[in-house]
Amino acid sequence: MNNNERLYKISEIADIAKVNKTKVWRYIRDNNISERSMKGNAKLYSEYTKDVIIKAFSSESVHLATETKADTSRILLEQIDILKGELERKNDQLDKMQSLLDQQQQLNLSTNRQNEKLLDTTTNNTPSQDDRPPAKRRYRRFKTYRG
């Protein structure tokens with residue numbers, strides 16, 4: 001080991017790579033990277049190892065960002081298609097509702113005309129018993145007795 005070589009802890013590599021320590025630790029574990037030395041319980045890694053790890057995270061983030069943008073675009077296009085379909089269905093529903101409202105108005109108009117005709121014919125007929133004014137009542141007079 002070169003005495004002038006700087007060694008890095010996982011936390012220092014994570015700070016430089018701008019990721020958390022767990023990600024760096026998992027990368028080291030998954031790629032079977034060995035530490036250069038130990039200082040207490042802390043594992044120390046060489047400058048070269050630090051550069052490899054940082055490069056892996058920077059290229060991974062660029063790749064993930066590009067992949068994420070592509071995925072996001074695809075998802076948004078799918079959502080637009082879904083929303084277009086829903087909009088067409090809603091427009092069809094509105095057209096049907098408008099048609100039903102028109103029919104209802106026609107029925108109401110027809111019913112009102114029939115009611116008016118019925119009212120006109122009943123008012124022109126002779127009054128029924130219920131329509132005649134009440135007859136005058138005759139009152140009987142009682143004699144009062146004085147005794």
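**View 1. Lys-18 sits in the loop between α1 and α2.** Helices and strands are named here from DSSP runs, H or I of at least four residues for helices and E of at least two for strands, numbered from the N terminus. This is a predicted model, in which local features need pLDDT of at least 70 and side-chain atom pairs count only at pLDDT 80 or more, while totals for chains, interfaces and linings use all residues. Residues are numbered from 1 along each chain as its sequence is written, and side-chain values use heavy atoms, with hydrogens and water left out. Although Lys-18 is not a glycine, its phi is positive, at about 60°. With a relative accessibility of 75%, Lys-18 counts as exposed (buried means under 20% relative accessible area, exposed over 50%, and partly exposed in between, with a 1.4 Å probe and protein chains only).

**View 2. Asn-32 belongs to the loop between α2 and β1 (37–39).** Asn-32 is not a glycine either, yet it has a positive phi of about 50°. The relative accessible area of Asn-32 is 67%, and this residue is therefore exposed.

**View 3. Helix α1 (residues 10–17) and helix α2 (residues 21–30) cross at roughly 110°, and their axes come within 8 Å.** Two packed helices are described by the angle between their axes and the distance between the axes. The axes are lines fitted to C-alpha atoms, for helices over the stretch in contact, and the angles run from 0 to 180 degrees between N-to-C directions. The helices α1 and α2 are therefore roughly perpendicular to each other, a term for angles of 65 to 115 degrees, whereas those under 35 count as roughly parallel, those over 145 as roughly antiparallel and the rest as oblique. From α1, the residues Ile-10, Ser-11, Ile-13 and Ala-14 meet Lys-21, Val-24, Trp-25 and Ile-28 of α2, where contact means heavy atoms within 4.5 Å.

**View 4. Val-24 is found in helix α2.** At 0% relative accessibility, Val-24 counts as buried. When its neighbours within four places in sequence are left aside, Val-24 is in contact with Ile-10, Ile-13, Ala-14, Val-19, Ile-53 and Phe-57. Between the C-alpha atoms of Val-24 and Ile-54, which are 30 residues apart along the chain, the separation is 9.0 Å.

**View 5. The largest nonpolar core has 11 residues, namely Tyr-8, Ile-10, Ile-13, Ala-14, Ala-17, Val-24, Ile-28, Tyr-45, Ile-53, Ile-54 and Phe-57.** Such a core is a set of buried Ala, Val, Leu, Ile, Met, Phe, Trp, Tyr and Cys residues joined through side-chain atoms within 4.5 Å. Two or more residues of this core come from each of the elements α1, α2 and α3 (47–124), and α1 gives the most, with four residues. Not counting residues up to four places away in sequence, Tyr-45 touches several residues, among them Tyr-8, Ile-10, Ile-13 and Ile-28.

**View 6. The protein as a whole has three helices and two strands.** Read along the sequence, these elements follow the pattern α-α-β-β-α. Of the 147 residues in the protein, 12% are buried. Among the contacts with a separation of 6 or more, 59% are between residues 24 or more positions apart.
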